[in-house]
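Here is a short report on helix packing and nonpolar cores. Look over the sequence and the structure, then read on.

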Amino acid sequence: MRAEGALAASLAVALLACRDEPCAEYAALPEARGLCLARRVDAAPDAAAALAVCQGEAREVEALCRQRWVEARLMDRHTAADDLLRVCGAHQECVFEVLDARPTGTVAEQVLRCETAVPLYARDCAGHAVERWATAGPPEAEIVALRRGLDRYPDLWSSYVGIALVCGGHPGCDAVAIERHACEQSLAKARALATPCRTRPSIDRPLGGPPG
Amino acid sequence: MPASSPQLLVFAGALLLGGGVLALGWDRAQAEAPCLERAAGLERDACLRDTILAAPADDVARVIGLASVTSDPVVRDATLMTWVMRNRPALSSDAALRVCGRLSTTEARACERKVLSPHLWP
């Protein structure tokens with residue numbers, strides 16, 4: 001009788017071990033269980049599964065949980081940017097990371113996107129977009145046109161116009177009709193840089209430089 | 001003859017407990033005795049967690065001392081993060097950052113950002 005009881009107990013323990021329910025040991029400690037699940041959220045196969053964890057038992061650390069899943073998939077081409085943004089929700093820092101790693105459209109469109117999606121980080125986000133554009137070596141016509149698209153950030157244009165000219169292989173500020181003096185200053189600074197055309201990483205340019 | 005592994009574990013546990021008592025001070029340690037008298041493990045950590053979460057905002061040193069004798073890192077980090085967020089309005093930034101500094105790297109970064117830039121975190 002006692003031997004049967006011991007056998008049943010052993011079987012129950014073995015069955016529990018086989019179930020391998022994550023974080024089961026913290027069942028009585030809600031914060032610890034939430035953090036434990038948040039630390040494992042990388043394993044969630046899609047956005048819906050990640051949100052179920054982060055908005056469920058990991059609610060105490062929801063922002064950390066959301067950002068963790070998103071950061072794990074930023075450079076994964078199989079995860080759509082929309083899914084990443086859906087998991088970020090209202091978490092501005094997380095959204096900023098997605099916009100930065102998954103830029104789309106022209107630089108002017110990206111700047112507008114920054115202002116709409118991450119108003120608290122709009123300037124930094126726009127700065128990264130302009131830096132990425134400038135270091136990729138844009139055509140001269142784009143450099144001239146962008147000045148109008150950056151009316152709200154004139155300092156960004158004057159900071160990066162020189163880099164855009166150097167990286168685009170353009171000889172000087174001849175085509176730049178407005179703010180000629182600022183352009184000349186920016187160009188001199190860009191020419192003094194050791195690696196002016198090293199770009200910030202994104203899904204298309206993981207380590208800098210144009211794709212391919 | 002070299003000490004066996006269980007002997008070493010008992011010795012290490014005694015050292016940890018002794019360190020905890022020293023860190024907390026004798027009076028404090030007596031107050032935490034119900035937790036510290038328990039064998040190391042989740043049950044003791046749960047007791048320490050309850051004691052930490054009941055600690056007021058001006059008891060930062062005690063919270064850090066209790067966290068240092070919490071053996072499970074998940075329980076320790078989760079408890080400290082919860083304590084900081086619950087007491088944040090009454091905690092100075094310096095005190096909150098001291099507690100954040102006891103967390104594992106990723107959680108420490110999140111905790112520090114929440115303390116320094118709460119408007120950026122939902």
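## Packing of helix α11(A)

The buried residues of α11(A) pack against α10 (154-168) of chain A. Contact here means heavy atoms within 4.5 Å. Buried means under 20% relative accessible area, exposed over 50%, partly exposed in between (1.4 Å probe, protein chains only). Helices (H or I, at least four residues) are DSSP runs, numbered from the N terminus.

Ala182(A), Cys183(A), Ser186(A), Leu187(A) and Ala190(A) are the buried residues in α11(A). They sit on the same side of α11(A), because they cover an arc of only 135° around the axis. That arc is taken from the directions from the helix axis to the C-beta atoms. His181(A), Lys189(A), Arg191(A) and Ala192(A) lie on the other side and are exposed.

## Basis of the model

This is a predicted model: local features need pLDDT of at least 70, side-chain atom pairs count only at pLDDT 80 or more, and totals for chains, interfaces and linings use all residues. Residues are numbered from 1 along each chain as its sequence is written, chains are lettered from A and ligands numbered from 1 in the order in which they are written, and side-chain values use heavy atoms, leaving out hydrogens and water.

## Nonpolar cores

A nonpolar core is a set of buried Ala, Val, Leu, Ile, Met, Phe, Trp, Tyr and Cys residues joined through side-chain atoms within 4.5 Å. The largest has 66 residues; Trp69(A) and Trp83(B) are among those with the most contacts inside it. Its largest share, seven residues, comes from α6(B). A second, separate core of 25 residues includes Ile143(A) and Leu156(A).

## Thr82(B)

Thr82(B) lies in helix α6 (residues 73-87) of chain B. Thr82(B) is buried, at 5% relative accessible area.

Terms used:
Helix = DSSP H or I, 4+ residues; strand = E, 2+ residues; numbered from the N terminus.
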